[in-house]
Structure formats: structure tokens, C-alpha cells
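I am opening a notebook page on a structure that is new to me.

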Amino acid sequence: MDTPPAVRARGLTKYFGEVVALDGVDLDVAPGQIHGLVGPNGAGKTTLLGLLLGLAVADSGTLEILGTPVGRALAVPEGVAGFVDGPGLYPSMTAKQNLAALARLRGDDAQTMNIDEAIDQVGLTDVADDRVRGFSLGMRQRLGLAAALLTKPRLLVLDEPSNGLDPAGKKHVYGVLTRLAADGTAVMLSSHRMDDVESLCSDVTILSTGRVAFTGPISKLASEDNELDYRVLTSNPAAARRLARQTNGIKLHDDDLVHDGVELLVISAPVPALDEFVKRLVQDDIAIRELAPVVSPLEAAFLALTEQQENNE
Ligand SMILES: Nc1ncnc2c1ncn2[C@@H]1O[C@H](COP(=O)(O)OP(=O)(O)OP(=O)(O)O)[C@@H](O)[C@H]1O
């Protein structure tokens, strides 16, 4: 039998009084997929994640989680774990006691073995017996993730999981999420960091004022026709500039930058024109020391799609 999708939403709509927080949202998340949810402030990200966690119900539309239709009752759907607006923790208890209490609340036996393992997975072993009151935001986020891991979820839902994490903490947590996904758990997470979403997620949904501006594989956003801005650092900026002028489809920006005393060209180009430019640089013996988009394809799409939708309001 085929494994059902982790999430299948059609036409989800949610109002808060007059405010339409979600407006006809369709969403598909496959098992083992890490799916990013991005959008400007107030776009509806937390509201959507809350529906997946059973913290609220939609006013209309249908939602199936792990193959089971979600009803009108407020309850965490079977197989789902996660948190929005930060994990709910007891400040006066230690990290370990928090996990034991949460397990008891769910009616599970507090299996010390699993608790130690979950704490180890998120890298909190050294502070397992410290009270949560003294934990930083990043440590709380990690403990919240450990609490979710204890339930062995098939869908993990996280609101801004990298909030408060230092670069090492982020790398650790992303490693945990990547391994979970490799074992078949679907992960849905919101973020304001496009670079994080690009490095971690295979798919993304861009929300703008409650509507889906894009949903699908991130690779589809980097379409060959899209024109992106690139920074180009070469061994011969003057010759590179001449070649850029002679290559069809390349637009040369006037505001070149100076990087460590070397002139950096800034160009706009669709992928085929960029390919042609690179070939010509190589033919003319000009070394390419750096070639990178000024903003990533996800960030460029995010800005274009959300601006477009806001202008249509
Ligand atoms: N409990 C609530 N009562 C009233 N309005 C709400 C409530 N929750 C959300 N909203 C409104 O619904 C819209 C979507 O909010 P939501 O928190 O889902 O956005 P978000 O994308 O998570 O924003 P942010 O990036 O700022 O966290 C906003 O206009 C918000 O003001």
C-alpha cells in the first residue's frame, strides 16, 4: 500500500473576525520531505502550522494529515508533533524532568532511555539536569525539539525552529531534521531566513496575505528564464566588462563594487546568457574567482511574488 501524504490541504480558509488569515490554501507535503513555509509578517504561517498541529480548525476547506481527515475537534492529530510560538516548558523543572512530565501528560511511560536519547540528539546532555529557567532561547528550542522527537512523529511541525540558535546549534538541529526526514518523517517549518530554507528544504510554500504565491520544489524557482543579479570577480575586470557588453542578454550594472581592492562586476542575466558569458571568459583566459547570485533564487522569487500579490490587493 502506498504511504499517504503527510499533508494534503485543499482550500483551507481561516478567519479571525474580519481578518482572513488563510485564504484558500492548497498544500501537499510528502513523507520524508522537508518543506519550508515562508512569507512576510502576518502572511498566515503560524495560523497554517497551528491547523496542522490541531490547535485550531479551519473555517472551510479540507485537511488530511497522514491520510486521516482532520475533524472539528481541537486535538493533535495522531503521528504529529511540534510547536508554534515556542515550546511549552516548565521553567522550574530540569530539561529531563520536563520531558518526563510531557511524556506522562501524554500517558506514555517516561522511558528514561528515550528521554536521554532525545536530549542527546539535540545536544543538551551537558545541561540535562539544569533547570529550564536559566535556558537561552536556543536551548529552549532544542528542548522543544527533543520533546517532539520523543513521540517519534511522522509529521514534525516547527515554527521558526532556528530562532535563537547560534551557527553551531543550527547545524546540529538541521542535522537532526535531515536524519529524521531520511527516515521518512515529513518536516514542515516556517522561517524568515531564505538561506536556511534553501539549505535545508527541498520544497517551499510562499504565503502572502493568506494566499499561496508559490508551492513546490525550490529548484523550480530557479527557472532558466528568470533573470538574476550576479556578482562576478575575475582576474581581469576591464576585459570581463568588455566581454559582458558584447554578450547578448547580459546587463551590466554601473554600480560596480570594489572587493579587497579588486573591481567586482554586477550583472543581470538569465541562465543561458550567463553560460555564454562564462564560456567567453574562459576562452579569453580570464580566471573567474567568484560568481554568485546577489540574492538567491528563493529570495528573488519571494520578493517578486509577495510584492506582486500585495500590488494586486
Ligand atoms: N488569535 C488571533 N486573533 C486575531 N487575529 C489573529 C490571530 N492570529 C493571527 N491573527 C491574524 O491573522 C493573520 C496571520 O497571522 P499569522 O500569525 O498566522 O502570520 P505569520 O505569517 O505567522 O506572521 P509572523 O511572520 O509575523 O509570525 C495576521 O493578520 C494576524 O494579525
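**Entry 1: one residue.** I looked up leucine 150 and found it in helix α4, which covers residues 137-150. I keep in mind throughout that this is a predicted model. Is leucine 150 buried or exposed? I count leucine 150 as buried, because 23 C-beta neighbours lie inside 10 Å of it, and the cut-off for a buried residue is 20 or more. Leaving aside residues up to four places away in sequence, I listed what leucine 150 touches, and the list reads Leu99, Ala103, Asn114, Ile115 and Ala118. I then went 100 residues along the chain to isoleucine 250, and noted that its C-alpha atom is separated from that of leucine 150 by 53 Å.

**Entry 2: domains.** I checked how the chain is divided, and found domain 1 at 7-218 and domain 2 at 228-300. Taken over C-alpha atoms, the centres of domain 1 and domain 2 are separated by 40 Å.

**Entry 3: the sheet of four strands.** I traced an open sheet whose strands follow the order β2-β1-β4-β5, and its pairing is antiparallel. Which strands stand at the edges? They are β2 (19-29) and β5 (68-69), and since each has a single partner strand, one side of each is left without a neighbour in the sheet. Inside this order I followed β1 (residues 7-16) and β4 (residues 60-65), which run antiparallel and are joined by five bridges. As a landmark I noted arginine 10, which stands opposite threonine 62 in β4.

**Entry 4: the sheet of six strands.** I next traced another open sheet, formed by six strands in the order β6-β7-β8-β3-β9-β10, where the pairing is mixed. Its edges are held by β6 (80-83) and β10 (211-217), each with a single partner strand, so one side of each has no neighbour in the sheet. With direction ignored, neighbouring strands of this sheet are turned against each other by 15° on average. I looked at β3 (residues 34-38) beside β9 (residues 203-208), and these two run parallel, with four bridges joining them. One residue I marked here is leucine 37, whose bridge partner in β9 is threonine 205. I also found helix α5 (residues 167-182) packing on the sheet, where it touches β3, β7 (155-159) and β8 (186-190), and the direction of α5 makes about 145° with that of β8.

**Entry 5: the ligand.** Which residues surround the ligand? I wrote down Phe16, Val19, Ala21, Gly39, Asn41, Gly42, Ala43, Gly44, Lys45, Thr46 and Thr47. The elements that give two or more residues to this shell are β2 and α1 (45-52), and α1 gives the most, with three residues.

**Entry 6: the whole chain.** To finish, I stepped back and found nine helices and 15 strands in the chain. Along the principal axes, the C-alpha atoms fill a box of roughly 70 × 45 × 40 Å. Of the 313 residues in the chain, 37% are buried, and leucine 150 from my opening entry is one that counts as buried. Among contacts between residues at least 6 apart in sequence, I noted that 70% join residues at least 24 apart.

Technical notes:
Residues are numbered from 1 along each chain as its sequence is written. This is a predicted model: local features need pLDDT of at least 70, side-chain atom pairs count only at pLDDT 80 or more; totals for chains, interfaces and linings use all residues. A residue is buried if 20 or more other C-beta atoms lie within 10 Å of its own, exposed if 12 or fewer, and partly exposed in between; C-beta atoms are placed from the backbone. Two residues are in contact if their C-beta atoms, placed from the backbone, lie within 7 Å. Domain bounds come from an automatic or database domain assignment. Two strands pair if DSSP finds at least two bridges between them. A residue is near a molecule or strand if its C-beta atom, placed from the backbone, lies within 6 Å of it. Axes are lines fitted to C-alpha atoms, for helices over the stretch in contact, and angles run from 0 to 180 degrees between N-to-C directions.
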